[in-house]
Amino acid sequence: MRQQVQPGGASSASCSSTSECFSLSHRPAAECGSETSAASEKHEVRANNPPADLSRMTSIIVFYLLYLLSLCLGLACVVCVCVWSGHWRGGFAWDGSALEFNWHPVLMVTGLVVVYGVGAVVYRIPLTWGQNKLPWKLLHAALMLIALILSIVGLCAVFDYHNINKISNVYSLHSWIGITATAVFAMQWVCGAAGFLLPCSPVTLRKVLKPVHVWLGGIILLLSIAACISGINEKLFFALKGNATGTQPYSSLPPEAVLGNTLGVLIVAFGLVVLKILSNHEWQRPDSRPEGLAYTPLLQEENE
């Protein structure tokens, strides 16, 4: 007997579960066309992604190379200034003698240039972009505070030495630039802590303060470099006069002068690398918070 197929019966259910009942040849043309266009769009996206990914990877590699270079230059600056003050200038003390003055270049170069520069680029490290911003914000503030403390102690060393030995203070261009850099730095740190760390800081203040904070940070680094360069040159002129003690004059370029000049070149190179990192917009930390959301400062943000 021939089996009768009832509408909506088992045969219908069987067909709905079997792919043969709905072959591609029976699909509407519009549906097949939409799948074809979607597949072509996916193919185009895949074809366009590799160059973009390669460009992004190249940019990140260049950043880390420059970042590593800045760390090496910063370490070289600290080593050079310590060797200069410790070996060529006789060492360190805090007794009002010339040995106390030797703390001044070491602390100013280490704090106002090297630690400051390292702290300035903390936000630019790509590895930190997808992480919670709060620890890096605190690290940035801590490094800047360390740099500020070192520079203030360095100023205390030179003022104490001048006062004990009856030497005039703040008469040279070097001293004017150095004090200006330290004063602006102190103001920058206080305003940054008030604007970006305190829970009571409004979002409008943050929006106004952020571009000024970034711009002023670069200005402070430039002032610090200018102060260190002028201070190195001034110290070499004062120390290497070719007097009766047998010291060779600066003009004959003795080994101490070579070391001092090398320190100046390293400071300039370090500053240029740091400024390059800070000026590249591709290495700015992406804003993960939408513009419409209110800003939540320290101890209240979770995943900015």
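Visitor: How many contacts beyond four places in sequence does the model have for residues 288-304?
Guide: Do keep in mind that this is a predicted model. Over residues 288-304, pLDDT stays under 50. For that stretch, the contacts beyond four places in sequence number 38.

Visitor: What is the mean pLDDT of the protein chain?
Guide: A pLDDT of 70 or more is reached by 77% of the residues in the protein chain. Averaged over the chain, the value is 82.

Visitor: What pattern does the protein chain follow along the sequence?
Guide: Let's start from the count of elements: there are 8 helices and 0 strands. Read along the sequence, that gives α-α-α-α-α-α-α-α.

Visitor: Which element gives the largest share of the largest nonpolar core?
Guide: This core has 48 residues, and among those with the most contacts inside it are Cys 77, Leu 263 and Ile 267. Two or more residues each come from α2, α4 (103-120), α5, α6 (173-196), α7 (203-239) and α8. The largest share, 10 residues, comes from α8.

Visitor: Which residues does Leu 263 touch, leaving out those up to four places away in sequence?
Guide: Leu 263 is one of the residues with the most contacts inside the largest nonpolar core. Leaving out the residues up to four places away in sequence, its partners are Cys 77, Cys 80, Val 81, Trp 84 and Ile 232.

Visitor: Which residue forms a salt bridge with Arg 89?
Guide: The structure holds 1 salt bridge. Its closest N and O atoms are 2.8 Å apart, and the partner of Arg 89 is Glu 256.

Visitor: Why does this pair tie together parts that are 167 residues apart in sequence?
Guide: It comes down to where the two partners sit. Arg 89 lies in the loop between α2 (29-88) and α3 (98-101), whereas Glu 256 belongs to a helix, so the pair links parts 167 residues apart in sequence. The helix that holds Glu 256 is α8 (residues 255-279).

Visitor: Which helix gives the most to the nonpolar patch?
Guide: The patch on the surface is formed by Phe 92, Trp 94, Trp 103, Leu 145, Ile 149 and Val 153, with about 510 Å² of accessible area together. Val 153, partly exposed with a relative accessible area of 34%, lies in helix α5. With 3 residues, the helix that gives the most is α5 (residues 133-164).

Visitor: How far apart in space are Leu 222 and Val 268, C-alpha to C-alpha?
Guide: Leu 222 has its place in helix α7 and counts as partly exposed at 45% relative accessibility. In sequence, Leu 222 and Val 268 are 46 residues apart. In space, C-alpha to C-alpha, the distance between them is 9.3 Å.

Visitor: What share of the contacts with a separation of 6 or more comes from residues 24 or more positions apart?
Guide: This one concerns the protein chain as a whole, with its 304 residues, of which 39% count as buried. Among contacts with a separation of 6 or more, the share from residues 24 or more positions apart is 72%.

Methods. Residues numbered from 1 in each chain as written. Predicted model: local features only at pLDDT ≥ 70, side-chain atom pairs only at ≥ 80, totals over all residues. Heavy atoms only, no water. Salt bridge = Lys/Arg side-chain N within 4 Å of Asp/Glu carboxyl O. Helix = DSSP H or I, 4+ residues; strand = E, 2+ residues; numbered from the N terminus. Patch = residues over 30% accessible without salt bridge, like charges linked within 9 Å, V, L, I, M, F, W, Y side chains within 5 Å. Areas by Shrake-Rupley, 256 points an atom, 1.4 Å probe, with all protein chains shown as cover. Buried < 20%, exposed > 50% of the residue type's maximum accessible area, 1.4 Å probe, protein only. pLDDT = per-residue confidence, 0-100. Contact = heavy atoms within 4.5 Å. Core = buried A, V, L, I, M, F, W, Y, C linked by side-chain atoms within 4.5 Å.
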